[in-house]
Amino acid sequence: MANTPLTPLEHELATLIIDTLELEDVTPSDIAPKAPLFGEGLGLDSIDALELGLALQKRYGIKLDNDAEDNREHFASLSSLAALVETRRVS
Amino acid sequence: MLGMKIMLSIYRRFGELPFLIALAPVSVYYWCRNPLARRASKEYQRRFRATYPDKPLPRLTTLRHFMAFGVTMLDKVRALHGEVALSQIDNLDRETMREAIESKQGGVILVTHIGNHEICQALSSSRDDLRLSLLMHTHHAQKFNALLKESRRPGAVDIIEVTDIGPDTAQRLKERIDGGGFVVIAADREPIGEQGRARSLNFLGAPAAFPEGAFWLTLLLRCPVYLLICARDGKTFNVHFEPLGDSRGVKRRERDSWIGEQMQQFAQRLEHYCTRYPLQWFNFYPFWSEAPERQKAQQSPGVCSKQPSENAHG
């Protein structure tokens, strides 16, 4: 996809996504920071979103709020996920 | 509902027999007014008779089926008011349940259209270490929450609406399980909303559409899975609690087949309990679909294919 360099946290999150969802033939550098993770971009679906939520809870202790719209924004791209982790991580 | 209140007070004042006598005309009324439910009941009987000719159903089955439903409504309300005594409950799998609770591994408990799993609320109050999260439809959830506020162990039962399960809900459920608690999900309800995926499984001799949702959730929560049935047996309630499987360690490429196996097993056990409690199958909606291909592939197929690769027809 794109070759925009990832920040260390984005790289870490890309690895987490790839490992959690067992994505084959995808490396962190294949994921552009602003590219959509769901739908067209990386092609994740709603079940992947649940799984990713569980992975964020396990790794960073992040608890998401009951706000579907907010969560959709957090999960939009690598960079929005990184922003979420930066502000909300407890571990 | 006024009718329910009147019926409940008849039961409380005069007992079971007058209640049943009053229930008969009420059932006839509903029988006349609900052609859809009547047809669903007839279809169930037809399939049941064809599959189990050696297990005779009583005469006037549809009407009796409606009456049994009336009785179960009463039981539900009584259970929620704490009027079902523990002495009325016969927990036939007490050991399995004890082990499941004491293992502290938590789990998903699948419940069904058979009988009346609300009765098990009474069981939950008998064990201080039993923590439950119930997934429910919104309008039910509000009613339940109001009733549960009056319960003596606030926090022991958590009601979650199932209209929209997002990552936040998954986290909440996972926390419950990690704490050794249980998540209760109705596994044979119609798929909720537009995102419901269903799989066609053989049930009483013909393919029926079973929703996949509960099984996907179970898979993601990585825990043991149990089946819970509570059905009336004369004046007592029988509780059945059995292990179905375990989603820990299921690899991504094994997910589809794991879900297929679990659903198949679930449908078989459901059928088994139908043969044991034939008139306590309380699904009055059309269940056997002529066109089981209702699976919706609105998710982008992208990374992995989660569409059932093969359906377990007949």
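Four salt bridges are counted between chain A and chain B, a salt bridge being a side-chain nitrogen of Lys or Arg within 4 Å of a carboxyl oxygen of Asp or Glu. Asp48(A) pairs in this way with Arg252(B), and their closest N and O atoms lie 2.7 Å apart. The model is predicted, so that local features need pLDDT of at least 70 and side-chain atom pairs count only at pLDDT 80 or more, whereas totals for chains, interfaces and linings use all residues. Residues are numbered from 1 along each chain as its sequence is written, chains are lettered from A in the order in which they are written, and side-chain values use heavy atoms, with hydrogens and water left out.

Ten residue pairs across the interface of chain A and chain B, both members at pLDDT 80 or more, are in polar contact. A polar contact is a pair of N or O atoms within 3.5 Å; within protein, one must be able to donate a hydrogen and the other to accept it, and residues adjacent in sequence count only if both atoms are side-chain atoms. On the side of chain A that touches chain B, α2 (46–60) and α3 (68–74) each supply at least two residues. The largest share of that side, nine residues, comes from α2(A). Helices (H or I, at least four residues) and strands (E, at least two) are DSSP runs, numbered from the N terminus.

In total, 27 residues of chain A are in contact (heavy atoms within 4.5 Å) with 23 residues of chain B. The area buried between the two chains is about 2000 Å², with 54% given by carbon and sulfur atoms; buried area is the accessible area (1.4 Å probe) that two parts lose on being put together, summed over both. Ile47(A), Leu50(A) and Leu54(A) supply 31% of the area that chain A buries against chain B, more than any other three residues.

Chain A itself contains four helices and zero strands. Of its 91 residues, 49% are buried, where buried means under 20% relative accessible area, exposed over 50%, and partly exposed in between (1.4 Å probe, protein chains only).

In chain B, two residues other than glycine have positive phi values. Phi of Leu204(B) is near 50°; this residue is found in the loop between β6 (198–203) and β7 (206–211), and at 2% relative accessibility it counts as buried. Arg222(B), with a phi of about 50°, is found in the loop between α9 (213–221) and β8 (224–233). Arg222(B) is partly exposed, its relative accessible area being 26%.
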